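Subject: Structure for you to look at

Hello,

Here is the structure I promised to pass on. Please open it next to this message; my notes follow below it.

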There are 4 protein chains.
Amino acid sequence: MAARPTSLGPSPGIAAADDDRPAAQRAERRRQILLAAKQVFADEGYHGASINQIIERAQIARGTFYLYFESKAFVFDAILDQAMAELRARITRIEVEDPAAAPPPVQLRDNLVRTLEYVVGDRALASILLTSGKAAEPEAIDRLAGFFGEVRSLIARALEQGIEMRLVRPCHTQLTAAALLGTVRGVIEFLVTSPSPPHVDETVNELIAVALRGVLA
Amino acid sequence: MAARPTSLGPSPGIAAADDDRPAAQRAERRRQILLAAKQVFADEGYHGASINQIIERAQIARGTFYLYFESKAFVFDAILDQAMAELRARITRIEVEDPAAAPPPVQLRDNLVRTLEYVVGDRALASILLTSGKAAEPEAIDRLAGFFGEVRSLIARALEQGIEMRLVRPCHTQLTAAALLGTVRGVIEFLVTSPSPPHVDETVNELIAVALRGVLA
Amino acid sequence: MAARPTSLGPSPGIAAADDDRPAAQRAERRRQILLAAKQVFADEGYHGASINQIIERAQIARGTFYLYFESKAFVFDAILDQAMAELRARITRIEVEDPAAAPPPVQLRDNLVRTLEYVVGDRALASILLTSGKAAEPEAIDRLAGFFGEVRSLIARALEQGIEMRLVRPCHTQLTAAALLGTVRGVIEFLVTSPSPPHVDETVNELIAVALRGVLA
Amino acid sequence: MAARPTSLGPSPGIAAADDDRPAAQRAERRRQILLAAKQVFADEGYHGASINQIIERAQIARGTFYLYFESKAFVFDAILDQAMAELRARITRIEVEDPAAAPPPVQLRDNLVRTLEYVVGDRALASILLTSGKAAEPEAIDRLAGFFGEVRSLIARALEQGIEMRLVRPCHTQLTAAALLGTVRGVIEFLVTSPSPPHVDETVNELIAVALRGVLA
DNA sequence: CATGAATGAGTCTTCATTCAT
DNA sequence: CATGAATGAAGACTCATTCAT
């Protein structure tokens, strides 16, 4: 990625170059394939995507693909893994007791901003996450369902805590968590689909407003 | 169904019979195939579903399928058409000016109850509507997107009217409509997925509460 | 196989025809594919044979092949099964105690004649049996090895009995059985390979002579 | 093997060194590849063997393989050549007229002992010779068939001479030669397959006994 | 109308071979 | 010389669709 433009030959660097080029190249290739695959999966869905489309987009030969990924299912998994890891890193539990932490509303806002920014920055990925719920290999479907389950649980917990603290009105927390998760997904879909979407910041404001206070005046 | 050994062709019965039996039989067969196809599409997604699975479930021969539907894409379209028609019939614009109409909140509630009841009664269909957003034939995808676009517009209009009437706080109506649509989808997913989902009535109460007043106390 | 030359259409036979044609046709097709496959496997070996070659020889489309056999391995198995069944039916244990049975040397001779006649009548099959010992799917290899093991045991038993009865000189029965089995295989190979092989009868005479009395004057 | 950091090219050492080391290294590498290939071919058959397996076993890089052998077919040929050469060197025509030679029975015995010892010492090779009769490149198949043809001719000649000298009973020499060759192959297979095979010496005794005098008492 | 055998384009995957480093 | 990334032809298998019966 950083790497100097192109190595000049097999000379193993004159002096201080602690990076091993071949490994870097390999990683680069991998990224290139992942990128192409991500776009194709986003456009066509898991079953609709063909290795042909992926290698055409990645500008590589058929065999090369299999040098980097065992199978179609494995690329898909890799994409999912990466996405879920990135999202997990962006979604943190809201801390209410730690006085050193930011106030909960700010934490909530930060979570949303981080998440939406990542997702908007990678529309293909968003599309995959949003639409692969049924159309993939059973194992991948389960992993995805598990992920969304986690997120929903996180929201449900936050609601429960909020209720305890009298910040949130009593409600069916499971159902409401599902509803709120849907809200976020709806917003993401809008951001990703819209030709001229509003800024993430503004979007988050609206999202939080709806979630916390609804639409009534 | 009603039998008579074998119909001799499309000739509509002998004389005085206000129903033409063969046509009824034909329609029945069609429904039978649609039902099977719906379940298969729901389980496997568009590309994952195979004609084999459909005809096995429908207990018909391969050729028979093509007697009733031109292609796999056409059955899918038929399912989508039916679903969208049913939903359109259940979702009515909220009438604010007609004094004969029920008060808007009641209209909203009725819309939601009708919709959720239909969807919960046909989980396979719900699953298809919720997950076929990307994984189908482009044309079907467009139609589906169009449908959800319609619904979102409906919500957006309702919001605009509400704002005019000072019932709804000013907001980015497009975005908020997307958010609310997402909320409904989230709730539907919960209903359809949950092993022991709450009653539709209670669900709608919660849904409306979140949508109108948010989660804050 | 017996079947009348070609059916004249869908007319289900005028009167007495208790055979169900479709099943017969299906069996016929199956035989046709088995025949083609047998020849290809004989010419190219298991791994060298391609479905392409088989369907070209059988004059059928690619998909048709898979209508009759699950996979390449399955056709091969079917061929092996048939061959082993036929051979098992032709190789009977030599009965020494039953006075109603033919004298042992005659039984031996009959066994050999039956076996060689079958094998010579189906060279492709002989070739497969003789050369697929290593080059096939492990499971098939095992089955084949098991079969030859059976035959060798049969020979070894016969030798033991012969030794008890003082007809056969004492020897390492296992090793000698292997040697004799090899002798038979060598003869079969000769028969199958030779452009103008001797008659089976004469061949069996020579074979028995070598096996019983060796080559010394 | 002998090392020296890295040879600088094909230049043959400094000066006075009657062996040119690089060539020796090259030969060594070649042997290493041949060894690996032999084992793989023995385990998997010609078509079943892959370059991958060979280079893994030989612990060399993919390209290196092609530095020593033009293709898969060529390694196989090399193996066959070597084996056939070794065997040819061990199988000598039986000399009946030269009074200086050992008596014919001893010559026969020596031939067999030498051959079996070689073969037992290299099971992989035995396996290849015994089972590659059909499953290889046509050219190799022909060469192998030619080799066995030679051996058979040798045996046939010996039989003819024996008949002339009244040592051997009159028989169809071609057929009997094939039978005897089969006998030897059967014994070899037994030796190679058996978990606890008898000593070569004992084996040869039995083999000769069967071949010369048969199994009768 | 119903059937299901037949088709062949298309899918995923492997593997012998080449070549820049 | 050695390496191993890259290639693409070819293989096994699937599946939507057609058509004779």
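The surface near DNA strand E is made of 14 nonpolar, 14 polar and nine charged residues. Please keep in mind that this is a predicted model.

Q59(A) sits in the loop between α2 and α3 of chain A. Its phi is positive, about 55 degrees, although Q59(A) is not a glycine. Most residues other than glycine have a negative phi. Q59(A) has 10 C-beta neighbours inside 10 Å, so it counts as exposed. Chain B has its own case: Q59(B) lies in the loop between α2 (51–58) and α3 of chain B. There phi is positive at about 60 degrees, and Q59(B) is not a glycine either. Q59(B) also counts as exposed, because it has 10 C-beta neighbours inside 10 Å.

Now the fold of chain A. Chain A has nine helices and zero strands. Buried residues account for 31% of its 217 residues. Among contacts in chain A with a separation of 6 or more, 63% join residues 24 or more positions apart.

Which residues of α5(B) are buried? They are L112(B), L116(B) and V119(B). These cover an arc of only 65 degrees around the axis, which puts them on the same side of α5(B). An α-helix has 3.6 residues a turn, so residues three or four places apart point the same way. The buried residues of α5(B) pack against α6, α8 and α9 of chain B. On the face turned away from the buried side, α5(B) carries the exposed residues V106(B) and G121(B).

On to how the chains meet. Chain B puts 40 residues in contact with 40 residues of chain A. On the chain B side, α1, α6 (123–131), α8 (173–193) and α9 (200–213) each supply at least two residues. The largest share, twelve residues, comes from α8(B). By class, that side of chain B has 20 nonpolar, 13 polar and seven charged residues.

Other pairs stay apart. Chain B and chain C do not touch, and their nearest C-alpha atoms are 13 Å apart. No contact joins chain A and chain C either; there the closest C-alpha atoms lie 21 Å apart.

Last, the relation between chain C and chain D. A rotation of 179 degrees, with 0.0 Å of shift along its axis, superposes chain D on chain C with an RMSD of 0.3 Å. That is the relation of a two-fold axis. 100% of the interface residues of chain D are also interface residues in chain C, so the copies meet through the same surface.

Best wishes

Note on methods. Residues are numbered from 1 along each chain as its sequence is written. Chains are lettered from A and ligands numbered from 1 in the order in which they are written. This is a predicted model: local features need pLDDT of at least 70, side-chain atom pairs count only at pLDDT 80 or more; totals for chains, interfaces and linings use all residues. Ala, Val, Leu, Ile, Met, Phe, Trp, Tyr, Cys and Pro count as nonpolar, Asp, Glu, Lys and Arg as charged, and the others, Gly among them, as polar. Two residues are in contact if their C-beta atoms, placed from the backbone, lie within 7 Å. Helices (H or I, at least four residues) and strands (E, at least two) are DSSP runs, numbered from the N terminus. Copies are superposed by least squares on the C-alpha atoms of residues with pLDDT of at least 70 in both. A residue is buried if 20 or more other C-beta atoms lie within 10 Å of its own, exposed if 12 or fewer, and partly exposed in between; C-beta atoms are placed from the backbone. The arc is that of the directions from the helix axis to the C-beta atoms.
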